[in-house]
Amino acid sequence: MRTWLRSCFAAVTVSATLVATGLPAAACGEDDKPAAPAARTLGDPGAVKNVRSVGNVPDAAGAISINFLDYGRRDVMVVSGEFGLKVYDLTKDPAAPKLVGQVSMPGLWETEDTEVDQDRKLVFLSRDPRAFSGNTHTGESGIYVVDVSKPEAPAILSYVKVPAGHTTSCVDGCRYLWTGGPAKADDQPADWGGRPIWVTDIRDPKHPKVNPEPIELARNDGKTDYVHDVQVDDNGVAWVSGRGGVRGYWTNGVHRDPLTNKVRRATAHDPIPYAGGGIAETAAPSRFMHNSFHPAGHRVGDGAWRGQDLIYATEENFVDGCAGDGVLTISSLAGSYHGEGWRSTPEQPFRLQSVGTWSVNGQEGSDPASDDCSAHYFDVRGKVLVQSFYAQGTRFLDVSDPTNPRQIAYYRPGDASAWAPYWHGKYVYVADNARGVDILQLTA
C-alpha cells in the first residue's frame, strides 16, 4: 500500500461515523512496525505507454478496494478505504463517477478486496485488528455488512466480531463469508504463524453467525499460518492465498475428498480440497501469496501450456531495494489433485511446478529510485492481466504465453500508490491510495 505505507498496515473504534486517533504502520504478515517512505525520484513526472487516462476521482484518496453493483439501468461503483465506504454512480458517464452516498468511518482498515452481494445489494467490509488505533496483539476485528439497496443512503446493517479480519470473501454464492488474517492475536495459539479462516453464515445479513472453529489450518507445510485472501473461480472453487501458497476448495456440491478418498458433500464450514499447494521458492522466495486467480472455463496459454490448469498468484514481499520485492507467479496445478498440498511437511515438501514469473524491477516505465515494487492485486480479462505495483503503478501484461508474461502497457504517475485494478466495461478502475481512483483505457 502506500504513498508512505506498505499494504497490510495499521490504522485506527467504531460507530457509524468515527474519528481516527492513530497512525497506520506495519508490513505484510507482521506485527506493527514503522514503514519508511518509498524512495522516489525528485520531481518524477511518471511514465505512461499504451494507456489513456480518462478520469480520476481525487475525493476517494485513501482508496484500497473497488467493486461494482448492477441496478438494471444503473451502474454503481463502491470504493472502500481508510474513509469507510463511498458509493459512485457511473450510469451517465463511467469516466466521471458521481458521488451519491457514503458511510463515514475514518480510520477503517483494511478492507482489501472488498466483496459485494449483487442480488441482495450488500457490501462486506473487513475490519482488521489494526483499525481505529488497534493492533494485531489485542485489537478487535470483524465484519460490517452494509446495505446499499439505495445507493444514496448506504447504511450499516450489522456488525459481528470475528477472530480474523484482514480480508473477507464471499463463498457459496455469498451465503457465507470466509475471513482471514492478519498476524495472530496474543490469545491465539503460540505456534500459529498467522490467522487462518473463520466462517460466517450470512444468510440472514442482519444476524451474522460466526462458527467458532476456524478452517484452513496447517496450510504452510503443516503449520497454521496467515491466510491473506480468498478468490472464487467460475466453477465455485474457493482459492485461499497466504503464507505457504495457494489451495483450492469446493464449498458446495458432492465431491470425492482426496484426503479420505470418500465421496461427501462440501460445505463452507467443511470444504473439500480440490488442488493447489506451496509455490516454489525459486519463483517466490517468501511464499507469502497475497491473492490468486484460477482461469476456470477459459484457460489461456500457448505452446506446451495451452489448455493446462494454471494458477496465477501474487507474492507480496518487501525487502531493501526493488529486485527482491514480490512478483507475479504462474504455476501448474498438475500433480496436486490428490491432496498433495495438504500432506506437505518440512521434511517432505510439496511445491507446484513454476511456469513463469514477472517482476516490475528493471522494466520499462519503472522508477529506478523507488524501492516500492512489490506485486499487489491483479485482474484478468482474456489474455491481458492488469496489476498494481504500488509506487511503480499499474502494468498491463500479455499472458498468452504463461512462460513469458510480457508487458504491453503501463501507467505510473509520479505520485502513484496503486493498490488494485479492476476491469469494468471498457475501462480499468485503479484504487490508488494516494490519488483516489484512476480510470484508464488500454490503447495497445
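## Briefing: backbone, rings and pockets

A218 is partly exposed, with a relative accessible area of 30%. This is a predicted model. A218 also has a positive phi of about 55°, although it is not a glycine.

**Backbone: positive phi**

- A218 sits in the loop between β14 (209-210) and β15.
- K121 is not a glycine either, yet its phi is positive, at about 55°.
- The loop between β7 and β8 (122-127) holds K121.
- Is K121 buried or exposed? K121 is buried, because its relative accessible area is 14% and the cut-off for buried is under 20%.
- A218, at 30%, counts as partly exposed, because that class runs between 20% and 50%.

**Backbone: cis peptide bonds**

- W109 and E110 are joined by a cis peptide bond, with omega about 5°.
- E110 belongs to the loop between β6 (98-104) and β7.
- A cis bond also runs from G181 to P182, where omega is near -5°.
- P182 is found in the loop between β12 (176-180) and β13 (197-201).

**Aromatic rings**

- How many aromatic pairs does the structure hold? There are 16 aromatic pairs.
- One of them joins W239 and Y274: the ring centres are 5.8 Å apart and the planes meet at 80°, so this pair is edge-to-face. The cut-off for that label is over 60 degrees.
- W239 is in strand β16 (residues 237-242) and Y274 is in strand β20 (residues 272-279), so the pair ties together parts that are 35 residues apart in sequence.
- W239 is buried, with a relative accessible area of 1%.
- Y427 and Y429 also pair: their ring centres are 6.4 Å apart and their planes are at 75°, so this pair is edge-to-face too.
- Y427 and Y429 are both buried.
- Which residues form one aromatic cluster? W109, F318, Y390 and W419 do. W109 is also a partner in the cis bond to E110.

**Charges over rings**

- K86 lies over the face of F83, 5.0 Å from the ring centre.
- K121 places its charged end over the ring of Y71, at 5.1 Å from the centre of that ring. This is the K121 with the positive phi.

**The largest pocket**

- The largest pocket contains about 1,100 Å³ of space.
- It is lined by 37 residues, and the closest to its centre are N67, D113, E115, V232 and D379.
- Which strands each supply at least two lining residues? They are β3 (63-70), β7 (115-117), β11 (167-171), β15 (227-232), β21 (289-293), β25 (378-381) and β29 (418-424).
- By class, this lining has 16 nonpolar, twelve polar and nine charged residues.

**The largest cavity**

- The largest cavity has a volume of about 40 Å³.
- R219, D221, G244, R247, G277, G278, R287, G341, S344, F350 and R351 line the largest cavity.
- How many residues of each class are in that lining? The lining of the largest cavity has one nonpolar, five polar and five charged residues.

Definitions and conventions
Residues numbered from 1 in each chain as written. Predicted model: local features only at pLDDT ≥ 70, side-chain atom pairs only at ≥ 80, totals over all residues. Heavy atoms only, no water. 1 Å grid on protein atoms, 1.4 Å probe; cavity = no way out; pocket = protein on both sides within 12 Å on 5 of 7 lines; lining within 4 Å. Points joined across faces, edges and corners; volume = space filled by probe spheres on them. Helix = DSSP H or I, 4+ residues; strand = E, 2+ residues; numbered from the N terminus. Nonpolar A, V, L, I, M, F, W, Y, C, P; charged D, E, K, R; others polar. Phe/Tyr/Trp six-rings, centres within 6.5 Å; stacked < 30°, edge-to-face > 60°. Buried < 20%, exposed > 50% of the residue type's maximum accessible area, 1.4 Å probe, protein only. Lys NZ or Arg CZ within 6 Å of the ring centre and 35° of its normal.
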